[in-house]
Amino acid sequence: MTRTASNGRKPPTAGGRVEVRKTYKLYLGGQFPRSESGRSYVVAATDGTPLANAVRASRKDLRDAVRAARGAFPGWAERTAMNRGQVLYRVAELMEGRRDQFVNEVAQAEGIRDDRAREVVNRAIDRWVWYAGWADKIAQVLGSSNPVASDFFNFTIPEPTGVVGVVAPEVSSLLGLVSRLAPPLVAGNTVVVLASESRPLPAITLTEVLATSDVPGGVVNVLTGRKRELVPVLAAHVDVDALDVWGVPDDLRKDVELLAADSVMRIARRPAGVTDARFDWLDDRASERPEWIAAYLEMKTVWHPIGV
Amino acid sequence: MMPDVTETKALRPWSGDRAPADWGLGDGQAVPWEYAPAPESKDVVTIKPRYGLFIDGREVNASDGGWFKSVNPATEEALAEVAKATTADVDRAIRAARRAQKTRWGNLPGRERAKYLFRIARILQERSREFAVLESMDSGKPIKESRDVDVPLVANHFWYYAGWADKLEYAFPGRVAKPLGVAAQVIPWNFPLLMLAWKIAPALAAGNTVVLKPASTTPLSALLFAEVCQQADLPAGVVNIVPGPSEIGMHLVSSPNVDKVAFTGSTVVGKLIQKATAGTNKALTLELGGKAANIVFEDAALDQAVEGIVNGIYFNQGEVCCAGSRLLVQESVQGALIEKLKDRLSTIRVGDPLDKNTDVGAINSKAQLDKITELVEAGVAEGADMYQPACDLPDRGYFFRPTLFTNVAQSHRIAKEEIFGPVLSVLTFRTPDEAVEKANNTPYGLSAGVWTEKGSRILWMVRKMKAGVVWANTFNRFDPTSPFGGYKESGFGREGGMHGLHAYVKLEDR
């Protein structure tokens with residue numbers, strides 16, 4: 001494998017030293033396992049140059065990931081909102097320190113120039129900051145005190161839905177992923193991500209950041225592999241509460257949503273008329289939306305009598 | 001004048017002519033009083049022999065001339081014939097709604113839409129008794145409830161959302177709320193008019209038009225509501241009502257020409273409706289079944305709790321998606337609570353829905369009565385202990401005694417399945433953690449009740465409960481300002497309050 005993509009970038013090799021290559025693995029329950037299936041697939045740059053072998057996760061890996069996410073859910077949901085915000089802010093801090101690595105990988109994965117890749121990475125870091133700040137505000141914006149016409153104190157508070165499956169955008173390997181991953185996380189959900197199938201490597205590098213930040217193991221689980229193999233299993237899994245179908249291939253979406261309906265799974269879709277390929281993730285206004293957080297919230301209404 | 005005891009035998013809530021021993025009247029003493037019949041007058045409502053569909057502002061016959069009968073479940077007699085919508089009628093109603101949305105309603109300033117909704121609210125208040133009587137006759141629910149709960153809530157719901165119509169920009173800061181377009185709405189038979197209000201009021205306030213299919217056993221109040229729309233001079237096509245069988249509802253929600261689907265009903269049908277919208281960009285809200293836990297801690301005010309438990313499961317014959325059908329009682333007070341509950345059950349009056357003293361009216365249909373009967377038989381067969389007060393039931397009509405099961409295991413069908421009838425299953429717990437575990441041990445998550453005098457425990461339970469509505473030291477309360485809806489397989493989306501508006505708008509950037 002040459003690992004030289006169309007942008008002419010070569011891995012740093014100083015003085016004829018042989019580079020130590022990275023093995024890209026799954027991120028599951030806070031660990032970095034290979035697939036129990038022992039399978040992998042070749043990931044290529046946009047010009048066809050092979051970049052690395054990625055793990056081809058199995059259905060069993062996916063079920064393990066859902067179990068890890070379910071196990072991590074109560075702890076993450078019951079963190080204080082401010083703490084969740086700080087933990088996610090720290091993801092941005094650590095990405096900042098590995099910016100060059102991300103720029104390099106995004107440039108290779110997406111076949112874009114370095115300056116463009118730098119912009120994408122900067123924006124991905126800033127997006128964590130934007131969403132992290134919502135952690136202790138969303139309840140005040142979306143919750144309510146309800147003036148009922150009787151002697152009761154009545155209020156409505158948002159709570160996380162539970163385990164969320166995120167089928168990541170296919171084209172935007174890092175910024176698209178971060179933009180879809182942060183909203184369910186900040187609300188207190190735990191997540192199983194199916195990374196971009198054709199551009200999975202930046203997602204795996206992101207998991208290395210997550211593992212060394214304060215995000216508890218199991219809160220985010222990232223699988224790489226074939227969407228056609230894995231998405232239906234995710235959609236049919238009764239312990240998945242909500243599903244982001246953004247990155248589901250269009251011809252697969254109906255079947256996937258049919259499976260999800262069997263457990264009344266909440267579905268988060270792309271806005272009507274928006275394609276994955278043409279969506280502008282650099283547009284802050286379009287990608288930074290409290291509605292995307294609200295998609296993974298349940299509203300709980302409480303009634304309490306007023307009396308002496 | 002005191003009525004003769006033997007003449008009113010049918011009305012007595014207990015068997016024999018002796019009062020229950022603990023009424024303080026002396027053991028087995030003869031009862032000194034009895035309830036006289038107190039029927040609500042039917043004069044206030046004129047039921048037409050036939051009701052047409054309501055499409056494009058006019059009452060019309062079905063395209064194939066078909067009719068079906070709507071039956072009074074308390075007498076088993078037909079009340080009226082109702083036009084049975086065909087798929088062609090549904091398509092016509094959708095076209096009318098689209099036209100009205102595009103040419104009139106969608107362009108009308110919010111403050112003008114508001115005034116129509118205020119008009120509707122006022123007319124509903126003016127005609128409230130008429131609606132209450134018709135609702136009780138068509139659905140079987142006690143007049144006490146249709147008069148004091150359903151109809152006032154209906155009017156209030158329109159009132160509440162009327163005021164939102166010109167204030168949408170304040171509901172969604174930073175965004176412009178636009179109507180979705182045409183809403184397809186399918187509602188159940190347990191609260192026919194109230195569910196209509198929950199669906200239509202927010203839809204119209206946000207600038208949508210609607211095609212609504214009422215349940216086939218309870219179409220009459222919806223068709224009387226069509227008259228209200230006419231009285232209010234609501235523009236033609238804004239509200240369309242198409243009664244018919246479930247296939248008509250499925251045709252409506254499956255239409256490529258609707259933008260929004262809202263359904264209240266069973267989880268089984270909810271899943272079919274979610275499937276009907278799979279792969280589309282239709283907005284969807286589902287309000288589905290429930291198997292709510294009503295949890296009584298040992299420090300609770302037991303007499304109040306008994307009232308709450310009774311209201312929780314026998315309100316509207318238990319035909320309530322959020323009914324407190326599983327009583328979880330802390331083991332230390334189980335004996336005392338069950339005794340009080342049995343005493344209270346002996347005073348519940350089952351019978352004529354139009355009698356103002358009736359607590360539990362008629363089951364909505366023969367099919368529903370059969371389902372309740374089947375599940376109660378399963379409860380007995382699986383080994384739970386059944387208690388029913390020895391009340392007399394009317395000779396005709398679909399009635400079922402208030403029923404209490406003790407010694408229930410979590411695996412019993414009566415503890416797992418939604419019965420949708422006046423049947424309470426009692427389970428016990430020892431610790432708060434066990435109560436939470438058992439309460440959440442269901443695919444449903446609509447509502448829950450907590451009874452304790454300790455405030456911090458209430459809020460701890462609130463946090464732990466997977467339910468969209470939690471009633472603390474109360475049960476089955478509703479209000480237009482208060483969001484209602486489920487977790488898990490009880491559906492998604494909220495109705496009521498500001499959150500209820502969200503289901504009927506698309507948010508665009510400013």
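Biologist: How should I read the labels and values here?

Modeller: Residues are numbered from 1 along each chain as its sequence is written, while chains are lettered from A and ligands numbered from 1 in the order in which they are written. As this is a predicted model, local features need pLDDT of at least 70 and side-chain atom pairs count only at pLDDT 80 or more, whereas totals for chains, interfaces and linings use all residues.

Biologist: What makes residues 175-186 of chain A agree with the span of a helix?

Modeller: Helices (H or I, at least four residues) and strands (E, at least two) are DSSP runs, numbered from the N terminus. The expected span of a helix is 1.5 Å times one less than its number of residues. For the 12 residues of α6(A) that gives 16 Å, and the end C-alpha atoms are 16 Å apart, so the two agree. Just after α6(A), A:Gly188 has a positive phi of about 105 degrees.

Biologist: Why is α6(A) called largely enclosed?

Modeller: A residue is buried if 20 or more other C-beta atoms lie within 10 Å of its own, exposed if 12 or fewer, and partly exposed in between, with C-beta atoms placed from the backbone. In α6(A), 12 of the 12 residues are buried, so the rest of the structure largely encloses this helix. Among them are A:Leu177, A:Arg180 and A:Pro184.

Biologist: How do you know that β5(A) is mostly covered?

Modeller: This strand, residues 163-167, has 5 of its 5 residues buried. A:Val163, A:Gly165 and A:Val167 point one way and A:Val164 and A:Val166 the other way, and all are buried.

Biologist: Which strands pair with β5(A), and what makes them pairs?

Modeller: Two strands pair if DSSP finds at least two bridges between them. β5(A) is joined to β6(A), residues 190-194, by 5 bridges and runs parallel to it; there, A:Gly165 stands opposite A:Val192. With β8(A), residues 242-244, β5(A) has 3 bridges, also in the parallel sense, and A:Val164 has A:Ala242 as its bridge partner.

Biologist: What does the word right-handed stand for in a crossover?

Modeller: With the strands pointing away from the viewer, the path from the first strand over the helix to the second runs clockwise. In chain B, β10(B), α9 (residues 267-276) and β11(B) make a right-handed β-α-β unit. β10(B) and β11(B) are parallel and share 5 bridges, with B:Thr264 partnered by B:Glu287.

Biologist: What makes two residues count as being in contact, and how many are in contact between chains A and B?

Modeller: Their C-beta atoms, placed from the backbone, must lie within 7 Å. By that rule, 30 residues of chain A are in contact with 38 residues of chain B. β10(A) gives the largest share of the side of chain A that touches chain B, 8 residues. β10(A) is also joined to β18(B), residues 469-472, by 3 bridges in a parallel pairing, and A:Trp303 stands opposite B:Trp471.

Biologist: What makes a set of residues a nonpolar core?

Modeller: The members are buried Ala, Val, Leu, Ile, Met, Phe, Trp, Tyr and Cys residues joined through C-beta atoms within 7 Å. The largest such core has 261 residues, of which A:Val193, B:Leu117 and B:Val211 touch the most other members. Helix α6 of chain B, residues 192-205, supplies the largest share, 11 residues.
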